2 protein chains.
Amino acid sequence: MTQSPPLSPAEFGVGARITLSAMSDDYVRILLDALSSADATGLDVQTGAVSTFAAGGEADLVRYLVQLVAAAGRSGVHVSASIHFSRGCPGEVVCDLPGGAGPLAADIPEVPPTGVSAIGEWALYPLDDTARAGVEPDHMRDIYAAIDFARELGTFEASEHFVTRLSGDVADVIRTAAAGWILVGRTVQHVTSHVTLSINSPTSR
Amino acid sequence: MTQSPPLSPAEFGVGARITLSAMSDDYVRILLDALSSADATGLDVQTGAVSTFAAGGEADLVRYLVQLVAAAGRSGVHVSASIHFSRGCPGEVVCDLPGGAGPLAADIPEVPPTGVSAIGEWALYPLDDTARAGVEPDHMRDIYAAIDFARELGTFEASEHFVTRLSGDVADVIRTAAAGWILVGRTVQHVTSHVTLSINSPTSR
């Protein structure tokens with residue numbers, strides 16, 4: 001039996017979209033400065049009218065997103081960032097990978113703290129329909145395991161309607177959302193994770 | 001056999017979160033004015049540091065969100081709005097409804113145009129693990145049906161990585177994301193839909 005070579009992250013559809021907003025008349029400069037200061041090594045980055053898309057390996061993605069959001073936060077203005085991670089469904093409407101192609105394992109990236117604090121709301125979606133090795137799909141079971149990881153990391157604040165509330169350094173909040181997505185992705189092919197961060201919010205001071 | 005009374009939308013966990021951002025030094029006034037101008041009749045609304053949560057029936061939710069986003073857009077400043085619809089999983093970490101409790105049907109709300117144009121990026125997540133009446137779960141099948149609805153409504157622009165790009169009146173863009181969520185919700189209990197809108201963007205002019 002011939003084994004297929006392992007897929008690259010890009011072939012597996014590993015990537016993220018980010019919509020970054022700066023509540024300032026000077027938002028164009030703040031966002032362009034943040035985009036140019038973040039290290040995009042290893043990533044394919046395309047900026048669109050609604051979001052910036054980045055494709056590549058998990059460690060490169062997390063480093064880039066953390067640097068981008070922290071840089072915008074260092075402007076001192078109120079910033080929001082909505083991040084959408086995806087894996088296991090490359091292509092556009094139709095996944096290039098068929099359902100059941102299998103998961104792609106990855107390590108949880110290490111990322112240094114930024115000194116910028118954030119609060120976040122996070123939702124995690126295992127989108128697998130396929131039983132594997134006799135284990136039935138159970139999307140809530142997978143989500144509980146990821147929330148346990150957030151508790152261990154110290155970013156877990158509370159369970160809210162539809163989301164988990166996180167707080168901590170921008171690096172830890174983004175890493176929590178990425179870690180849940182990677183952990184679930186070890187057994188589920190198609191996984192997405194959505195986290196919205198708020199920095200320098202007047203209502204959280 | 002005794003039939004249970006039908007669940008109310010609140011009991012079924014029908015609701016949405018919205019993070020609204022205005023790229024202006026005057027963002028507090030713009031957002032507070034938009035929040036106070038939107039008709040929240042029939043909804044339980046709670047504003048938090050990351051998002052505003054609204055629970056209630058589908059028609060009330062869509063009316064409220066459309067009025068809120070359009071009001072912010074009428075300020076003329078660049079606005080982004082991230083909306084997260086959910087149904088079928090009330091409660092917090094643990095759904096109060098067990099998986100397999102069944103779907104709750106709803107009509108697709110009618111909503112008048114606002115005169116405010118938006119572009120959007122939309123993702124739809126059927127989160128059901130349970131086969132019903134011999135029909136196996138197939139989350140991509142359900143998503144294709146919802147995208148067909150967007151084509152009929154005229155808001156479909158393109159398929160992008162991870163999302164469907166929409167454009168049109170704010171009312172139609174939000175209605176498309178809600179309609180997909182409601183259509184899938186006729187056969188799937190737990191469904192979420194995420195749409196990020198951009199209004200008055202300098203890059204889309």
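# Helices, sheets and chain contact

Helix α1 (residues 27-37) of chain B lies across β1 (15-22) and β2 of chain B, and its direction makes about 145 degrees with that of β1(B). Here and below, helices (H or I, at least four residues) and strands (E, at least two) are DSSP runs numbered from the N terminus. Axes are lines fitted to C-alpha atoms, for helices over the stretch in contact, and angles between N-to-C directions run from 0 to 180 degrees. Residues count as being in contact if their C-beta atoms, placed from the backbone, lie within 7 Å.

The model is predicted: local features need pLDDT of at least 70 and side-chain atom pairs count only at pLDDT 80 or more, whereas totals for chains, interfaces and linings use all residues. Residues are numbered from 1 along each chain as its sequence is written, and chains are lettered from A and ligands numbered from 1 in the order in which they are written.

## The sheets

In chain B, eight strands make up an open sheet in the order β2-β3-β1-β4-β8-β5-β7-β6, with antiparallel pairing. Its edge strands, β2 (44-47) and β6 (156-159) of chain B, each pair on one side only. On average, neighbouring strands of this sheet are turned by 20 degrees against each other, direction ignored. Strands count as paired if DSSP finds at least two bridges between them. Strand β4 (residues 79-87) of chain B and strand β8 (residues 191-199) of chain B are joined by nine bridges in the antiparallel sense. Within this chain, B:Ser80 has B:Ser198 of β8(B) as its bridge partner.

Chain A has an open sheet of eight strands in the order β2-β3-β1-β4-β8-β5-β7-β6, also with antiparallel pairing. At its edges stand β2 (44-47) and β6 (156-159) of chain A; each has a single partner strand, so one side of each is left without a neighbour in the sheet. β5(A) and β8(A) run antiparallel and are joined by eight bridges, and A:Pro126 has A:Val191 of β8(A) as its bridge partner.

| Helix | Strands | Angle |
|---|---|---|
| α2(B) | β1, β3 (52-55), β4 and β8 of chain B | about 0 degrees to β1(B) |
| α2 (residues 58-74) of chain A | β1, β3 (52-55), β4 and β8 of chain A | about 0 degrees to β1(A) |
| α4 (residues 170-185) of chain A | β4, β5, β7 (164-169) and β8 of chain A | about 170 degrees to β8(A) |

## Helix against helix

The axes of α1(B) and α2(B) come within 8 Å and cross at roughly 145 degrees. Their crossing is right-handed. A crossing is right-handed if the near helix is turned clockwise from the far one by less than a right angle, and left-handed if anticlockwise. On the α1(B) side the contact is made by B:Ile30, B:Leu31, B:Asp33, B:Ala34, B:Leu35 and B:Ser37, and on the α2(B) side by B:Gln67, B:Leu68, B:Ala71 and B:Ala72. These residues divide into seven nonpolar, two polar and one charged. Nonpolar here covers Ala, Val, Leu, Ile, Met, Phe, Trp, Tyr, Cys and Pro, charged covers Asp, Glu, Lys and Arg, and the others, Gly among them, are polar.

Helix α2 (residues 58-73) of chain B also meets helix α4 (residues 170-184) of chain B, where the axes come within 9 Å and cross at roughly 150 degrees. α2(B) is therefore roughly antiparallel to α4(B). Angles over 145 degrees count as roughly antiparallel, under 35 as roughly parallel, 65 to 115 as roughly perpendicular and the rest as oblique. The crossing of α2(B) past α4(B) is right-handed. Among the residues that make the contact are B:Val62, B:Leu65 and B:Val69 of α2(B) and B:Ile174, B:Ala178 and B:Ile182 of α4(B). The contact holds 10 nonpolar residues, one polar and two charged.

In chain A, α2(A) and α4(A) pack at about 150 degrees with their axes 9 Å apart, which means that α2(A) is roughly antiparallel to α4(A). Here too the crossing is right-handed. The contact includes A:Glu58 and A:Gly73 of α2(A) and A:Arg175 of α4(A). By class it has 10 nonpolar, one polar and two charged residues.

## Chain against chain

Across the interface, 48 residues of chain A are in contact with 48 residues of chain B. Elements giving two or more residues to the chain A side are β1 (15-22), α1 (27-37), β4 (79-87), β5 (117-126), α3 (139-153) and β8 (191-199) of chain A. That side has 19 nonpolar, 22 polar and seven charged residues.

Chain A is superposed on chain B by a rotation of 180 degrees with 0.0 Å of shift along its axis (RMSD 0.0 Å). The two copies are thus related as by a two-fold rotation axis. The superposition is by least squares on the C-alpha atoms of residues with pLDDT of at least 70 in both copies. Of the interface residues of chain A, 100% are also interface residues in chain B, so the copies meet through the same surface.

Conventions. Two residues are in contact if their C-beta atoms, placed from the backbone, lie within 7 Å.
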